[in-house]
Amino acid sequence: MNIRTFTKLAAGAALIAVTAGAAKAQEGVEVLHWWTSGGEAAALNVLKENLEKEGISWQDMPVAGGSGVQAMTALRARVTSGDPPTAVQMLGFDIKDWAEMGVLGNLNDLAEEQGWDKVIPAALQEFSKFDGDWIAAPVNVHSTNWLWLNKAALDKAGGEAPKNMDELFALLDKFKEQGITPLAHGGQPWQDGTLWESVVLSVGGMDFYKKAVIEADPDALSSETMRQVFDDMSKLRTYFDPNFSGRDWNLSTALVIEGKAGAQQMGDWSKGEWLRADKKPGEDFVCIRFPGTQGSVLFNSDQFVMFDVGEDKRDAQLKMAAAVEDPAFQIAFNTVKGSVPARTDVPDAEFDDCGKKGMKDLAEAAASGNLAGSLAHGHAQPSAVKEAVFDVVTQHLNGQITTDQALERLPQAVASAQ
């Protein structure tokens with residue numbers, strides 16, 4: 001349920017509940033997040049340890065689920081019961097939704113002191129600010145249009161990384177001949193959506209992606225280009241293993257790491273799992289832009305939003321926000337997480353080849369106008385529209401509806417959710 005659907009009465013109750021909850025003193029920070037996989041947890045430990053050095057204790061509130069849908073459900077329950085967490089990992093339009101409720105803290109003084117306006121890209125500030133006020137501290141920039149390849153399997157298949165959808169299908173056929181799962185995929189709606197948006201970008205290009213996804217143009221959503229997208233999704237489905245339904249993303253990554261699968265389409269957080277397994281880019285795995293999307297970047301940015309929980313917790317909140325934007329932390333965190341820094345003044349010297357490529361791709365895409373928000377990860381449309389797309393994409397991928405039905409239902413679902 002999107003927070004916009006809350007009634008005015010519920011909004012008022014939430015505000016009263018937050019005020020009441022502020023009276024409860026608590027040492028340190030309680031942090032709601034969904035970084036529960038091995039690589040993600042290792043990255044988060046960097047922040048925990050930095051805060052502990054500042055004398056700030058950390059109380060974990062992990063909620064599994066890669067796109068944060070489950071976390072937002074848990075957050076609504078906490079806020080409406082009068083017991084909000086101190087800080088919450090949040091993405092895109094979810095930040096805007098909570099800001100409109102008037103329950104978030106203000107980080108303006110800290111942001112001005114540390115010069116955030118000068119070093120955090122405007123595309124991120126679109127979500128870090130509300131009505132001109134800083135309400136969130138961005139941790140990183142992820143991009144979703146990546147393909148991760150097992151190097152040994154790729155070498156056995158000829159060593160050529162695919163540059164378009166046809167070459168991708170040819171490579172997946174070669175993986176099948178090797179007796180491994182060609183494409184590791186977890187059948188969860190957000191993962192289906194992450195794959196779908198990469199195919200949209202590959203088939204139609206950035207102009208089409210912006211028209212169909214960012215602008216939600218009904219003609220684009222039902223076009224022949226979108227027909228090709230759904231047809232390609234059906235073909236990709238034939239390369240999944242039989243046990244894909246419901247599988248967490250990191251378990252699919254593990255299949256590729258172990259050589260049981262050849263490739264995985266996933267955001268760059270997948271790299272954290274490879275690094276945790278002591279694998280090296282270029283030697284054990286290959287990172288490329290999803291075939292056909294070279295030169296374009298779909299992004300999402302994890303941010304920590306501070307709730308208005310009272311002056312007794314204010315100092316700890318500000319110390320956490322400052323720690324998040326510290327350049328040394330941005331390097332330490334993002335080299336582990338697989339993402340790139342939210343700050344533009346961070347050097348790439350300590351990043352591996354995939355990290356350097358990610359930073360270079362991001363800068364070039366931003367300069368060329370080929371940087372756009374990820375739908376599956378909350379940076380292209382509000383939650384209600386995102387969920388409506390998920391419903392159609394997942395039904396189609398699972399064979400519950402045909403391509404013709406998907407082309408009819410997609411614009412209808414989006415229009416109903418707006």
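Helices here are DSSP runs of H or I with at least four residues, strands are E runs of at least two, and both are numbered from the N terminus. The model is predicted, so local features need pLDDT of at least 70 and side-chain atom pairs count only at pLDDT 80 or more, while totals for chains, interfaces and linings use all residues. Residues are numbered from 1 along each chain as its sequence is written, and side-chain values use heavy atoms, without hydrogens or water.

Start with the largest pocket. A pocket is an open set of points on a 1 Å grid over the protein atoms alone, with protein on both sides within 12 Å along at least five of seven lines; a cavity is a set where a 1.4 Å probe fits but cannot get out; lining residues have an atom within 4 Å of a point. Grid points are joined across faces, edges and corners, and a volume is the space filled by probe spheres set on the points. The largest pocket holds about 230 Å³. Its lining counts 15 residues, with P121, P341, T344, L362 and A363 closest to the centre. Helix 17 gives the largest share, four residues. Strand 14 also supplies at least two. The lining has 13 nonpolar residues, one polar and one charged. In this scheme Ala, Val, Leu, Ile, Met, Phe, Trp, Tyr, Cys and Pro are nonpolar, Asp, Glu, Lys and Arg are charged, and the others, Gly among them, are polar.

Now take the loop between strand 14 (340–341) and helix 17 (353–368), where R343 sits. R343 counts as buried because its relative accessibility is 10%; buried means under 20% relative accessible area, exposed over 50%, and partly exposed in between, with a 1.4 Å probe and protein chains only. What does the side chain of R343 reach at 2.9 Å? It reaches the backbone oxygen of E325. A polar contact of 2.9 Å also joins the side chains of R343 and D345. Such a contact is a pair of N or O atoms within 3.5 Å; within protein, one must be able to donate a hydrogen and the other to accept it, and residues adjacent in sequence count only if both atoms are side-chain atoms.

Helix 10 (189–214) and helix 18 (383–397) each supply at least two of its lining residues. Helix 10 gives the largest share, three residues. The lining of this second largest cavity splits into nine nonpolar, one polar and no charged residues.

Then the packing. A nonpolar core is a set of buried Ala, Val, Leu, Ile, Met, Phe, Trp, Tyr and Cys residues joined through side-chain atoms within 4.5 Å. The largest core has 65 residues, and W98, F304, F307 and M320 have the most contacts inside it. A second, separate core of 52 residues includes F169, L183, A380 and A406.

L107 lies in the loop between helix 4 (92–100) and helix 5 (108–114). L107 and I135 are 28 residues apart in sequence but 5.7 Å apart in space, C-alpha to C-alpha.

Finish at helix 13 (residues 249–257). Seven of its nine residues are buried, so helix 13 is largely enclosed by the rest of the structure. Its cover includes helix 2 (38–53), strand 8 (146–150) and helix 10, where contact means heavy atoms within 4.5 Å. Just after helix 13, G259 takes a positive phi of about 80 degrees.
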